[in-house]
Amino acid sequence: MNPYMIVGIVCLVLMMLFNLKSIKWLPKLITKVAIGALLLFFLNILSGSFGLHVPINLFTATTVGFLGIPGMIALSSIHLFVI
């Protein structure tokens, strides 16, 4: 593991220990990222025959999770027109 990642995780745990209200956003964040990953999975299944494949990673799942359908359209258009 990267030492910066370890320091970041330790800082996050310390922040959560000192402020228990900060834990409230974590389940919401995880839910949104999981929904985004599911939407991307279904997009890849439905559009696979057209040659469109958007990779499922933390960045794309978070983008689709927070932006929803417009985020999925944005990632698809970036894949089609830029890449």
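A: The expected span of a helix is 1.5 Å times one less than its number of residues. Helices are DSSP runs (H or I, at least four residues; strands are E, at least two), numbered from the N terminus. The model is predicted, so local features need pLDDT of at least 70 and side-chain atom pairs count only at pLDDT 80 or more, while totals for chains, interfaces and linings use all residues. Residues are numbered from 1 along each chain as its sequence is written, and side-chain values use heavy atoms, with hydrogens and water left out.

H4 covers residues 69-81. Its 13 residues reach 18 Å from the first C-alpha to the last, close to the 18 Å expected at 1.5 Å a residue. Which residues of H4 are buried? They are Gly-71, Met-72, Leu-75 and Ser-76 (buried means under 20% relative accessible area, exposed over 50%, partly exposed in between, with a 1.4 Å probe and protein chains only). Around the axis these residues cover an arc of only 135°, which puts them on the same side of H4; the arc is that of the directions from the helix axis to the C-beta atoms. Pro-70, Ile-73 and Phe-81 are exposed, on the face of H4 turned away from its buried side.

The buried residues of H4 pack against H2 and H3. Ser-76 is one of the buried residues of H4, and its relative accessibility is 10%. Apart from neighbours within four places in sequence, Ser-76 is in contact (heavy atoms within 4.5 Å) with Leu-43, Leu-52 and Val-54.

Next comes the pairing of H4 with H3. Helix H3 runs over residues 58-67. Two packed helices are described by the angle between their axes and the distance between the axes. The axes of H3 and H4 come within 6 Å and cross at roughly 140°. Such axes are lines fitted to C-alpha atoms, for helices over the stretch in contact, and the angles run from 0 to 180 degrees between N-to-C directions. H3 and H4 are therefore oblique to each other (under 35 degrees counts as roughly parallel, over 145 as roughly antiparallel, 65 to 115 as roughly perpendicular, and the rest as oblique). From H3, the residues Thr-60, Thr-63, Val-64 and Leu-67 meet Ile-69, Pro-70, Gly-71, Met-72 and Leu-75 of H4. By class, this contact of H3 with H4 has 6 nonpolar, 3 polar and no charged residues (Ala, Val, Leu, Ile, Met, Phe, Trp, Tyr, Cys and Pro count as nonpolar, Asp, Glu, Lys and Arg as charged, and the others, Gly among them, as polar).

Thr-60 is buried, with a relative accessible area of 6%. Leaving out neighbours within four places in sequence, the contacts of Thr-60 are Leu-40, Val-54, Pro-55 and Leu-75. Leu-67 counts as exposed, at 54% relative accessibility. The C-alpha atoms of Leu-67 and Lys-32 are 9.6 Å apart, although 35 residues separate the two in sequence.

H3 also packs on helix H2, residues 25-46, at an angle of about 100°, with the axes 7 Å apart. H2 and H3 are therefore roughly perpendicular to each other. In H2, Leu-29, Lys-32, Val-33, Gly-36, Ala-37, Leu-39 and Leu-40 meet Leu-58, Thr-60, Ala-61, Thr-62, Val-64, Gly-65 and Phe-66 in H3. The residues of this contact divide into 9 nonpolar, 4 polar and 1 charged. Phe-66 is partly exposed at 45% relative accessible area; beyond its neighbours within four places in sequence, Phe-66 touches Leu-29 and Lys-32 within the contact limit. Phe-66 and Val-33 lie 33 residues apart along the chain, with 7.7 Å between their C-alpha atoms.

That leaves H2 itself. Its 22 residues should span 32 Å at 1.5 Å a residue, and its end C-alpha atoms are 32 Å apart, which agrees. Buried in H2 are Val-33, Gly-36, Leu-40, Leu-43 and Asn-44. Viewed down the axis of H2, these buried residues fall within an arc of 95°, so they line one face of the helix. H3 and H4 are among the elements that cover the buried residues of H2. On the other side of H2, the exposed residues are Lys-28, Ile-30, Ile-45 and Leu-46.
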